[in-house]
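Here is a friendly walk through one protein model. Have the viewer open as you read.

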Amino acid sequence: MKADTLGRRAIPFVDLARQIEELRPELLSALTAVVDARAFIQGPFLEAFERDFASFTGAARVLGCANGTVAISLALEAAGIGIGDEVIVPAHTFAATAAAVCHVGAKPVFVDIEPAAYAIDAAQVVDAVTPRTKAVLPVHLYGVPADLEQLVDQLRGKGISIIEDAAQAHGATLRGKPVGSWGAAATYSFYPGKNLGAFGDAGAIATSDDMVATKVRKLRDHGRQSKYVHDVIGYNHRMDGMQGAILSVKLKYLARWNEHRRALAARYDSRLKSAGFKTIQPPRGAVPVYHLYIVEVSNRDTVQNVLKANGIESGIHYPVPLHRQPAYAHLAGGRTLPVTERIASRIVSLPICGHLQDDDQDYVIDTFLASAKP
Ligand SMILES: *Cc1c(COP(=O)(O)O)cnc(C)c1O
């Protein structure tokens, strides 16, 4: 049991302290190795992580980069998406998904989600396609794989790329197929709070397309063809060697942490569903990794206040849909997206991570059930 400074029970939303404590000697010696090799930018520690993460996720090739947002824009640019193009994006996602589309000069076109797994609605994607549509950017939100089978079928032969935002779904699979293997490329974030988190910002692109890989490799490092020759206008979107070294250490434990998250989600599901609450329904054959655990309530402010008063952190992912955000509303033309809007006002995220203990989870559930209304 964890306690705050006054000795009260305290349940953090993500318990990084316990994770770091568990791995401290190994993490520090990985950092020392980077310092001793002075391999600060990209280099052998990044390359080792790229190989390890490719085999973990079943990707042909992984390219590390500075963060999960530029991972998306690099993947889009490498797939040939740019000025004047339209990219279909679910309105229910983190703002970075749409920002990255704008960063390459393309226009995000927001569509609604389906109410079971809260993933992009394939039927609405088809309705939103125009002659300018060059890509669809589905998001495996909360670590639950979006079922992209229908979408892939519907887009076949239309010249529309699928780029998967897998920032929350490291290691999730659907009917034996890893997330990230449906489209031209998939992108990951290793923000510290993600299932696999660095000691700072970091991200990656996974792809089986050699041309995309070659372009990403150049674009992330100043457009270099070789040390002194720049054949495209590139960026500095590189990953630090330190982040690669930290991620390689943590990756060895990720399967176990994801397994623990699934066990926690199953315990949440069984008690919350039997009390009449709606929680996420992963698609058939999914092995989710539950980056977040969300549940719908009709009295969210009260629930969050009661949790907070009892030392329990909670979150909302996300309360303001992208088509209602000040930065993006002008792109939506005032359209309403009913499923997105309904759940944005109802969802609350409860603590879940590789280090949440069962008795602490029971305390979260008891506190939640004492205040929440379906
Ligand atoms: C975290 C996240 C990103 C952005 O990743 P950063 O590493 O913070 O840039 C993009 N999309 C989704 C769905 C995310 O959760």
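## Cysteines

Let's begin with Cys 353, which is buried, as its relative accessible area is 5%. Please keep in mind that the model is predicted.

Cys 102 is partly exposed, because its relative accessible area of 31% falls between the 20% and 50% cut-offs. How many disulfides does a search of the whole structure find? The search gives 0. Cys 102 is accordingly in no disulfide, and the nearest cysteine sulfur, which belongs to Cys 65, is 18 Å away.

## Nonpolar cores

The largest nonpolar core has 37 residues. Tyr 142, Tyr 268, Leu 272, Tyr 293, Val 295 and Phe 368 have the most contacts inside this core. At least two of its residues come from each of these elements: helix 8 (241-274), strand 13 (293-296), helix 9 (300-309), strand 14 (347-350) and helix 12 (358-371).

Setting aside neighbours within four places in sequence, Tyr 268 is in contact with Lys 273, Tyr 293, Leu 350, Pro 351, Leu 356, Gln 361, Val 364 and Ile 365. Another core lies apart from the largest one and has 34 residues, including Ala 91, Phe 110, Leu 219 and Leu 322.

Val 35 sits in helix 1 (residues 16-37). Val 35 counts as partly exposed because its relative accessibility is 42%.

Methods
Residues are numbered from 1 along each chain as its sequence is written. This is a predicted model: local features need pLDDT of at least 70, side-chain atom pairs count only at pLDDT 80 or more; totals for chains, interfaces and linings use all residues. Side-chain values use heavy atoms; hydrogens and water are left out. Helices (H or I, at least four residues) and strands (E, at least two) are DSSP runs, numbered from the N terminus. Buried means under 20% relative accessible area, exposed over 50%, partly exposed in between (1.4 Å probe, protein chains only). A nonpolar core is a set of buried Ala, Val, Leu, Ile, Met, Phe, Trp, Tyr and Cys residues joined through side-chain atoms within 4.5 Å. Contact means heavy atoms within 4.5 Å. A disulfide is a pair of cysteine sulfur atoms within 2.5 Å.
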